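Subject: Handover of a structure, with notes on what was found

Dear colleague,

Please find below the structure that I am handing over to you. I would be grateful if you kept it open while reading the notes that come after it.

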Amino acid sequence: MIQIEYFFILSGLLFFIGVFGFVTRRNLIAMLISIELVLNSVDLNFAAFNRLLFPDGSEGMFFTLFSIGISAAETAVALAIIINVYRHFHSDQVNSIENMKW
Amino acid sequence: MNYTDFLKMIPEAVLTAILVITFICDFASARQTERKWMNPLVSVMFAALTVVCLLPMAPVHAFGDMYVTSSAVNVIKAILAFGSLIVVLQSRSWAEASGKEGEFYMLLTSTLLGMFVMVSAGNFLMFFLGLEMASVPLATMVAFDMKRNESAEGAAKFILTATFSSGVMLYGISFIYGACGTLYFDDVRHTLMTVIASGDLTKVFLPVMGLVFFFSGLGFKISLVPFHFWTADTYQGAPTTVTGYLSVISKGAAAFTLLSILFNVFTPMDRYWHVLLMIVVVLSITVANLFAIRQGELKRFMAFSSISQAGYIMLAAIGDKWPTSVSALSYYILVYVVANMAVFSIISVVEQNNGGKTDIDDYNGFYQTNPKLSFLMTLAMFSLGGIPPFAGMFSKFFVFMAGVDGSDIHTTMGAWSYAVVFIALLNTVISLYYYLKIVKAMYIKHNDNPLPTFNSDNNTKFALALCTTGILLFGICSYVYDWISMAA
């Protein structure tokens with residue numbers, strides 16, 4: 001059986017890759033993909049903790065399911081808003097939506 | 001599963017009914033060009049909701065403790081419902097001009113439903129569901145003015161930071177689950193007690209990391225300082241009505257939830273989160289005040305003011321005692337709702353008569369043409385700044401009192417909480433400076449062509465009357481604070 005530490009390291013890597021991508025990427029869609037990485041690391045964490053540490057209950061699994069569903073809803077709204085941005089600025093780059101400053 | 005549990009969720013049931021009625025009315029009247037009855041209908045329903053929330057209700061435990069209310073939760077629900085009523089009232093002319101009033105009221109109702117679920121959650125899953133039910137429709141509300149560039153820009157920033165912050169928060173919750181094996185608030189608290197008492201550093205590591213991630217996720221939602229970058233852009237870009245809603249209702253609900261989770265779930269870890277909270281509160285109040293001074297755009301200015309007000313709201317959580325902290329926080333939110341909504345109603349009226357511009361310079365000489373509106377604005381600014389006869393002074397007083405309550409100045413932590421409250425006190429002086437800048441622009445600065453005289457519609461007048469009554473009476477009538485502190 002795979003040890004819990006490996007899952008933990010994998011999800012930590014995923015999380016920080018996501019955070020790094022969110023901070024450095026200059027494209028709205030790429031930022032959205034980075035956020036998905038963060039959410040996936042959370043799902044992995046919950047599933048692994050439930051399976052390996054607390055196999056009696058199924059709370060972690062349920063949380064994973066709910067989190068997948070909700071992140072899908074969020075992504076749908078975010079994509080709609082990004083399309084709206086594209087209609088206004090004809091670009092999906094972050095620097096095109098930096099009109100309001102200080 | 002026992003379906004009768006749904007009947008115990010009375011405020012949520014009423015909100016769902018409002019949502020369904022609004023939807024049916026919107027659907028049935030889709031072909032009418034003018035729907036002047038829509039706003040009064042929704043306003044009456046929200047007034048009914050406020051009355052329902054004000055009725056005394058017994059504490060409820062439903063769905064196996066997933067949904068838990070106490071009298072303090074009922075009080076904050078009543079405050080949020082009252083605030084939403086003001087938002088609905090003053091949104092009339094803007095919503096009718098947009099031609100999508102049905103959708104706007106539906107989105108507003110569903111975010112409020114999410115906030116109600118969030119404040120009465122008894123489990124991290126329920127809390128997360130409520131938070132997302134609140135923040136996803138909010139993003140669409142920010143993007144509501146589809147023809148304005150700023151609205152699209154603000155909405156993109158809002159949805160990206162909201163999703164990112166809930167990802168960070170969920171990562172924290174997963175750590176807490178890993179440490180405790182449960183997500184129910186009561187069970188988490190009991191498990192944390194044994195974990196912390198054991199003093200084993202490898203075991204304490206996981207919940208502390210969870211706490212930090214969770215705190216920063218919610219910090220984004222309340223826009224406390226290291227996590228505040230989205231606030232100014234979103235507030236400036238969103239339609240003024242939505243900005244008002246974001247700055248009072250959504251912030252108030254999230255602040256109440258953060259306080260209640262810190263006090264009721266992370267109780268055994270208070271020495272960790274006290275330090276965290278002190279740093280964040282001092283930063284929020286100070287940094288936001290310094291940025292607010294240099295703003296020339298009124299909505300952006302109010303955004304920074306609301307960040308510093310969020311710092312004052314969370315100041316209540318520095319104290320040690322749950323009853324004083326929660327009543328000070330709820331009272332502060334109530335007073336903040338009336339003062340801030342008065343300001344945003346006036347901004348909204350002026351914006352509609354000024355071609356959508358909201359610069360502070362446009363208000364120069366505002367008194368010459370619109371003396372009543374500028375007087376109300378002055379009252380609201382005085383209340384936000386905390387000048388004595390108005391409610392804002394009393395709310396600040398209670399928050400400061402709650403901040404030092406139960407802390408002994410001779411211990412290190414006690415001395416620190418006194419220091420934090422003192423810094424907050426100094427900052428009220430700075431905030432007074434920039435609030436009075438608006439008053440100065442309206443009364444003293446000379447302007448050869450000030451804004452023309454205009455009349456607001458009756459609903460806005462009623463909303464402003466409600467706000468003004470609140471500003472004048474919530475402080476002086478001790479009954480209001482008694483009602484809140486009795487429930488705590």
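The notes below go through the structure topic by topic. Please bear in mind from the start that this is a predicted model.

**Annotated regions**

I begin with what the UniProt record says. For chain A, an unreviewed UniProt entry gives the annotation "transmembrane region" to residues 6-23 and 61-86. In the model, residues 6-23 of chain A are 100% helix and 0% strand, and the C-alpha atoms at the two ends are 26 Å apart. Residues 61-86 of chain A are likewise 100% helix and 0% strand, with end C-alpha atoms 37 Å apart.

For chain B, UniProt (unreviewed entry) places the feature "domain: NADH:quinone oxidoreductase/Mrp antiporter transmembrane" at residues 121-410. Over this range chain B is 78% helix and 0% strand, and the end C-alpha atoms lie 37 Å apart.

**Where the two chains meet**

One helix pair across the two chains deserves a description of its own. Helix α2 of chain A (residues 28-53) packs with helix α7 of chain B (residues 149-180) at an angle of about 15 degrees, and their axes are 9 Å apart. Angles under 35 degrees count as roughly parallel, and α2(A) and α7(B) are therefore roughly parallel to each other. Their crossing is left-handed. The residues that α2(A) brings to this contact include A:Leu28, A:Ile35, A:Val42, A:Phe46 and A:Leu53. Among those they meet in α7(B) are B:Ala156, B:Leu160, B:Phe164, B:Leu170 and B:Tyr177. The residues of the contact of α2(A) with α7(B) divide into 15 nonpolar, six polar and no charged.

**Helix packing within chain B**

The crossing of α14(B) and α17(B) is left-handed. From α14(B) the contact includes B:Ser325, B:Ala328 and B:Tyr332, and from α17(B) it includes B:Phe398, B:Val399 and B:Ala402. By class, the residues of the contact of α14(B) with α17(B) are ten nonpolar, four polar and no charged.

The place of B:Ala316 is in the loop between α13 (298-315) and α14 (322-352) of chain B. Is B:Ala316 buried or exposed? B:Ala316 counts as buried, because it has 28 C-beta neighbours inside 10 Å, and 20 or more are needed for that class. Leaving aside neighbours within four places in sequence, the contacts of B:Ala316 include B:Leu259, B:Ser325, B:Ala328, B:Tyr332, B:Val399 and B:Ala402. B:Ala255 is 61 residues from B:Ala316 along the chain, and their C-alpha atoms are separated by 10 Å.

A:His90 is found in the segment after α3 of chain A. Its phi is near 55 degrees, a positive value in a residue other than glycine. A:His90 is exposed, with 8 other C-beta atoms within 10 Å.

B:Phe63 lies in the loop between β1 (61-62) and β2 (67-68) of chain B. B:Phe63 also has a positive phi, about 55 degrees, although it is not a glycine. With 16 other C-beta atoms within 10 Å, B:Phe63 is partly exposed.

With kind regards

Conventions:
Residues numbered from 1 in each chain as written. Chains lettered and ligands numbered in written order. Predicted model: local features only at pLDDT ≥ 70, side-chain atom pairs only at ≥ 80, totals over all residues. UniProt positions renumbered as here; feature names shortened; annotations may be inferred. Helix = DSSP H or I, 4+ residues; strand = E, 2+ residues; numbered from the N terminus. Axes fitted to C-alpha atoms, helices over the stretch in contact; angles between N-to-C directions. Parallel < 35°, antiparallel > 145°, perpendicular 65-115°, else oblique. Left-handed = near helix turned anticlockwise from the far one by under 90°. Contact = placed C-beta atoms within 7 Å. Nonpolar A, V, L, I, M, F, W, Y, C, P; charged D, E, K, R; others polar. Buried ≥ 20, exposed ≤ 12 C-beta atoms within 10 Å, placed from the backbone.
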